[in-house]
Amino acid sequence: MASDEPSERSNDGARSSTGAWRSHRGVKRQVRLVAWSVILAFAIFQAYAQRFIVGPDGISYLDLSDAVVTGRWSLLVSTYWSPLYPFLVGVARAVGGGVGPAGEVPVMHVVNLLAFIGMSAAFEYMLMSILQLASRVRGSALNSATGLAAVYALFAVVALTMIPLELTTPDLLCATTVFVAFGAMLRLRNGAQHAGRNAVVLGAALGIGALAKSFMVPWAIVCLASLAVAMRRRGMKAVSFAGVTWVLILAPWATVLSHAAGHFTVGDAGRLTYAWYVNEQNPPSLGGVPVGARTPATDVILPGVGVPGDAMGTDPMWFDPGRWNRGVVPHLNIAQQMATLRVFVLF
């Protein structure tokens, strides 16, 4: 009997440890459930409260979404605006039975709410990789329920203020793909199982992100290069899988866009934004008419006034900025670049 006592005490200790672990896991599950309930409630309220808000970009995206509603798919091809967001808005409009003008903006906010839910799921996907790393660090705040609650609180504050649902832009879609990309990169870096699947997920996230905003193209190159450096001792197989998946998604759109532009391009947004806001070349926020829409004949009568002619769109100048700003060429100016960075720091 005496010889059995240590074994029984050991088993009791193991059961106690297992029970404590399950209890801790249950608390974390409750934190997660409460956090997402609160965050999504705020998101729903924000989407409803701002359901009639639309900015200039949103008007252009609505015009582009006509491509889905009318079946004129060529309308989605724009060298400035990326196709994913207007495509989703168009699908929502079509599913809604072709809502009239009064319902188009609220439909955009329904799309934003669904995008926010998708972004939240993507954040959870990334967070799982971070928590797995934290579990290996003794004393990490992320191993506690309080630390986990703080993570969700930080996410809620940043998401609902920096990329609020009132913005009728693809920002939420971009954030979704960024979180998925980070989650997949962490899994690959940490040597998680299913490396091939994680690599495909990474490439798909980067490719879909490029269809949401063209700036995701150079950002994807940075991601793939960073992953290559991080995994250089394990080989480039996963990086290659991710890169090929990314190219397979991006290439068809780049081909269509380049054909429409008459030269290779993945979009004019970067070129124009740099020229406008770093080089200070006729930024549209000043309300001026682009040089490409003006002629000597009109300038003689009314300087600064343009005649768009056969231009499409509710706001022709902002529906197709690439057309009216072909002569705007960015150039590197260190003084202007540093001044822009100082503005970012102040912001």
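Is Glu104 buried or exposed? Glu104 counts as buried, at 17% relative accessibility; buried means under 20% relative accessible area, exposed over 50%, partly exposed in between (1.4 Å probe, protein chains only).

This is a predicted model, where local features need pLDDT of at least 70, side-chain atom pairs count only at pLDDT 80 or more, and totals for chains, interfaces and linings use all residues. Residues are numbered from 1 along each chain as its sequence is written, and side-chain values use heavy atoms, leaving out hydrogens and water.

Glu104 forms a salt bridge with Arg93 (3.1 Å, N to O). A salt bridge puts a side-chain nitrogen of Lys or Arg within 4 Å of a carboxyl oxygen of Asp or Glu. Arg93 sits in helix H3 and Glu104 in helix H4, 11 residues apart. Helices are DSSP runs (H or I, at least four residues), numbered from the N terminus. Arg93 is buried too, at 5% relative accessibility. Asp66 joins Arg93 and Glu104 in a network of salt bridges.

The whole structure holds 5 salt bridges. One of them pairs Arg32 with Glu124, with the closest N and O atoms 2.5 Å apart. Arg32 belongs to helix H1 and Glu124 to helix H4, 92 residues apart. Glu124 is buried, at 13% relative accessible area.

Lys28 also lies in helix H1 (residues 5–49). Lys28 is buried yet has no salt bridge. Its nearest side chain of opposite charge (Lys and Arg count as positive, Asp and Glu as negative; His and the chain ends are not counted) is Glu124, 10 Å away. A polar atom of the Lys28 side chain lies 3.4 Å from the backbone oxygen of Asn143.

Key: Helices (H or I, at least four residues) and strands (E, at least two) are DSSP runs, numbered from the N terminus. A polar contact is a pair of N or O atoms within 3.5 Å; within protein, one must be able to donate a hydrogen and the other to accept it, and residues adjacent in sequence count only if both atoms are side-chain atoms.
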